[in-house]
Amino acid sequence: MLNLVYNLGCAPDKNFETPDNLCNADLVATISLEDLKNIYVDGVIEIQEDLVLEAIVISSDKEGNFFSVLHCQDKPINPSGGIQLEVDLQNLHLQYPVGSKVFIKLKGLYLGKSKDTYKIGGLFTSFGNLSVGRLPALSLKEHVFLSCEEQQELEPTVIEIPQISDQLINTLVRFNDVEFLEEELQLTFAEEKEETGRTLQSCDEDILKLVNSGYSNFYDSILPNLNGTITGVLSKSSKDYQLIIRSLDDLNFNKERCVEEITEFTSDAIFISELADPNNTSLGRFVELYNASDSTLVLNKWTLQRYTNGNIEVSSEVNLSGLEVAPQSTIVIAPSADNFNSIYGFLPNLEVGINSPADSNGDDNLILVDPFGKIIDVFGVVGEDGSGTNHEFEDGRAVRKSEVQNGNPVYDFSEWIITNDSGEDGTINNPGVAPESYTPGVHN
């Protein structure tokens, strides 16, 4: 849910005097960041035109959590995007402090994209593969120039974790009301000399990784055990977004931690009430659950498991979180909502795909499990192929008798009426035809 090796590394000594930087008052931007990104097509591109990009520095290697890289965005407030410049130089914060406006002469630099992250820098070759690498230190003064304007006052983009998008990569963002996972408290920000991920979460349990360098000045500081605000540069690794802070000043954790809302419960008042494998079409398969209680049941972290044929390990599983079952009512789970609707005339409560627990061909076993791992209800015998047994509903259905009011963690044939295409072992030889042979959504 970016390869940070170049960001997070070792900066052995950052106690240098600030160099005398000469600003440049003559340069003017000739291309926007958005237009620069539009130049990119694929691979690595050498920029051959005399283009100048204006950007604002948002990263700092002063505390050692960034290494040989400048992260820049196009505006100090409400940026439209960002980019990173790879540089073979340490202590960049002395020359390019946070908030500095810089002009980047792009001619001769290389533009690339890695894991949705745009980069500019030198050229790196490995086994014939080209990528953006670090710009040599001596070339830096030929390409990156400080503006003579005063440092800009940055205003991080305040977002919530679900609002993160690729457009915000390489920009400064802020998250309010977040905290570190309880199981990570008492850990340090990073393991010594190792890039380390720690986990932030919101009170809604949305997750974001914070990535820290084991060479940073604060790597051995203990994670705060409170709730608060964090600011950092957004990055991406594979498909997962990550946050990198510049220093511990980017954290302001001073509030009580989130109060955990307990939504998990257990009850045997909900159980499997109908299973369908129509003889005329496999598209009409479904599983129905019934709530026999007088209260609405919220199935947070409940699961429905399928054991195909005689398997003793779970073949497929459905997470039922988000589903609610009203009193004395049912919910229906189907492989395809569109196919189910075309056959039965209404949409199922949950679409789960083929080869799921709702897509059984009649000789499989199903188990309903509560959030605590307790088996609440069972159809069939795990480890026994249903063919020719009293739990086969191939080309038919299995429907729970109306007098049954509770789930049963042990399969009991006497609680079921089962039809199929064989009539073996006490079942009824009566193949079903959808929709008329089935009653999804209704349990008598």
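Predicted model: local features only at pLDDT ≥ 70, side-chain atom pairs only at ≥ 80, totals over all residues.
Residues are numbered from 1 along each chain as its sequence is written, and side-chain values rest on heavy atoms, with hydrogens and water left out.

The structure holds 16 salt bridges, a salt bridge being a side-chain nitrogen of Lys or Arg within 4 Å of a carboxyl oxygen of Asp or Glu. One of them joins Asp116 to Lys236, with the closest N and O atoms 2.8 Å apart. This pair links distant parts of the chain, since Asp116 belongs to the loop between β6 (110–114) and β7 (117–126) while Lys236 belongs to strand β15 (residues 227–237), 120 residues apart. Strands here are DSSP runs of E with at least two residues, and helices are runs of H or I with at least four, numbered from the N terminus. Asp116 counts as partly exposed because its relative accessibility is 31%, whereas Lys236 is buried because its relative accessible area is 8%; the term buried applies under 20% relative accessible area, exposed over 50%, and partly exposed in between (1.4 Å probe, protein chains only).

A second pair, Glu274 and Arg397, forms a salt bridge in which the closest N and O atoms are 2.9 Å apart. Here too the pair links distant parts of the chain, Glu274 lying in strand β18 and Arg397 in strand β28, 123 residues apart. Glu274 is buried, because its relative accessible area is 0%. The side chains of Arg285 and Asp277 also meet in a salt bridge, at 2.7 Å from N to O. Both partners fall in the buried class, because the relative accessible area of Arg285 is 14% and the relative accessibility of Asp277 is 2%.

Asp395, in the loop between β27 (375–379) and β28, is buried yet has no salt bridge, and the nearest side chain of opposite charge, that of Arg285, is 6.5 Å away. For such assignments, Lys and Arg count as positive and Asp and Glu as negative, while His and the chain ends are not counted. When residues up to four places away in sequence are not counted, Asp395 touches Asp277, Pro278, Asn279, Asp421, Pro431, Gly432 and Tyr438, contact being defined as heavy atoms within 4.5 Å.

Gly284 is found in the loop between β18 (270–276) and β19 (286–291), and it counts as buried because its relative accessibility is 0%. Apart from neighbours within four places in sequence, Gly284 is in contact with Ala276, Pro278, Ile343 and Tyr344. By contrast, Gly284 and Asn24 are 72 Å apart in space, C-alpha to C-alpha, and 260 residues apart in sequence. Glu415 is found in the loop between β28 (397–400) and β29, and its relative accessibility of 14% is the reason why Glu415 counts as buried. With neighbours within four places in sequence set aside, the contacts of Glu415 are Val399, Arg400, Lys401, Val404 and Asn408.

On the surface, Glu160, Glu182, Glu183, Asp204, Glu205 and Glu260 gather in a patch of negative charge. Such patches are made of residues with over 30% relative accessible area and no salt bridge, like charges being joined within 9 Å and nonpolar side chains (Val, Leu, Ile, Met, Phe, Trp, Tyr) within 5 Å. Asp204, one of the patch members, is found in the loop between β13 (196–202) and β14 (207–212) and is exposed, because its relative accessible area is 63%.

Several backbone features complete the description. A cis peptide bond, with omega of about 10°, joins Ala434 and Pro435, and Pro435 is placed in the segment after β30 (428–429). Gln328, a residue other than glycine, has a positive phi near 50°; it lies in the loop between β23 (324–325) and β24 (329–334) and is partly exposed, because its relative accessible area is 41%. Asp425, likewise a residue other than glycine, has a positive phi near 55° and lies in the loop between β29 (416–420) and β30.

Definitions and conventions: Areas by Shrake-Rupley, 256 points an atom, 1.4 Å probe, with all protein chains shown as cover. Charge placed at Lys NZ, Arg CZ, Asp CG, Glu CD.
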